[in-house]
Amino acid sequence: MAESAIQGIKTVLHPVKDLAKAKPVYTALLGIEPQTDGGHYVGYDVAGQHIGLVPDPSMTSPVAYWHVSDIAAKLAEVTAAGATVQRPASDVGGGRLVATFTDPDGNVLGLVQD
């Protein structure tokens with residue numbers, strides 16, 4: 001089995017229908033103002049985790065993102081074990097690579113490589 005270091009779940013993205021309505025709720029819950037506040041994404045960095053709000057109708061539930069040192073190797077490992085790639089690794093800016101896959105039950109999981 002290939003080895004690609006897992007750094008743990010550090011990012012969770014929550015789908016929302018309306019960022020303007022969701023932002024005050026998450027701000028109250030987390031007790032801090034967002035560090036990223038744009039028209040298509042609101043993100044909070046709190047207690048070593050990043051919590052993001054995404055107005056993405058294709059997302060049906062929150063997605064936990066495991067941070068890894070080698071996203072290609074980890075995608076190869078999980079697909080060899082039975083996972084299905086949902087969105088292949090792509091650069092979302094600043095060299096950060098993000099991918100999602102589903103487990104055999106259809107649960108969506110994410111990977112991030114910085």
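The model is predicted: local features need pLDDT of at least 70, side-chain atom pairs count only at pLDDT 80 or more, and totals for chains, interfaces and linings use all residues. Residues are numbered from 1 along each chain as its sequence is written, and side-chain values use heavy atoms, with hydrogens and water left out.

The overall build, then. The protein chain has two helices and eight strands; helices (H or I, at least four residues) and strands (E, at least two) are DSSP runs, numbered from the N terminus. Their order along the sequence is β-α-β-β-β-β-α-β-β-β. For 114 residues, a compact globule would have a radius of gyration near 13 Å, and the 15 Å of the protein chain agrees with that. The radius is taken over C-alpha atoms, and the globule rule is 2.2 Å times the number of residues to the power 0.38. Along the principal axes, the C-alpha atoms fill a box of roughly 45 × 25 × 20 Å.

Of the 114 residues, 37% count as buried. Buried means under 20% relative accessible area, exposed over 50%, and partly exposed in between, with a 1.4 Å probe and protein chains only. Of the contacts (heavy atoms within 4.5 Å) with a separation of 6 or more, 53% are between residues 24 or more positions apart.

Now H1. This helix covers residues 19-30, and its 12 residues reach 16 Å from first C-alpha to last, close to the 16 Å expected at 1.5 Å a residue. That expected span is 1.5 Å times one less than the number of residues.

Which residues of H1 are buried? They are Leu19, Ala22, Tyr26 and Thr27. Seen down the axis of H1, the buried residues fall within an arc of 135 degrees, so they line one face of the helix. The arc is that of the directions from the helix axis to the C-beta atoms. The cover over these buried residues includes strands S1 (6-15), S3 (42-46) and S4 (49-54). On the face turned away from the buried side, H1 carries the exposed residues Ala20, Lys21, Val25 and Ala28.

As for the ends, a side-chain oxygen of Asp18 reaches to within 2.9 Å of the backbone nitrogen of Ala20 at the start of H1. Just after H1, Gly31 takes a positive phi of about 75 degrees.

Last, Ser90, which sits in strand S6 (residues 84-91). Ser90 is partly exposed, at a relative accessible area of 36%. Leaving aside neighbours within four places in sequence, Ser90 is in contact with Arg96, Leu97 and Val98.

Notes: Polar contact = N/O pair within 3.5 Å; in protein donor to acceptor, adjacent residues only side chain to side chain.
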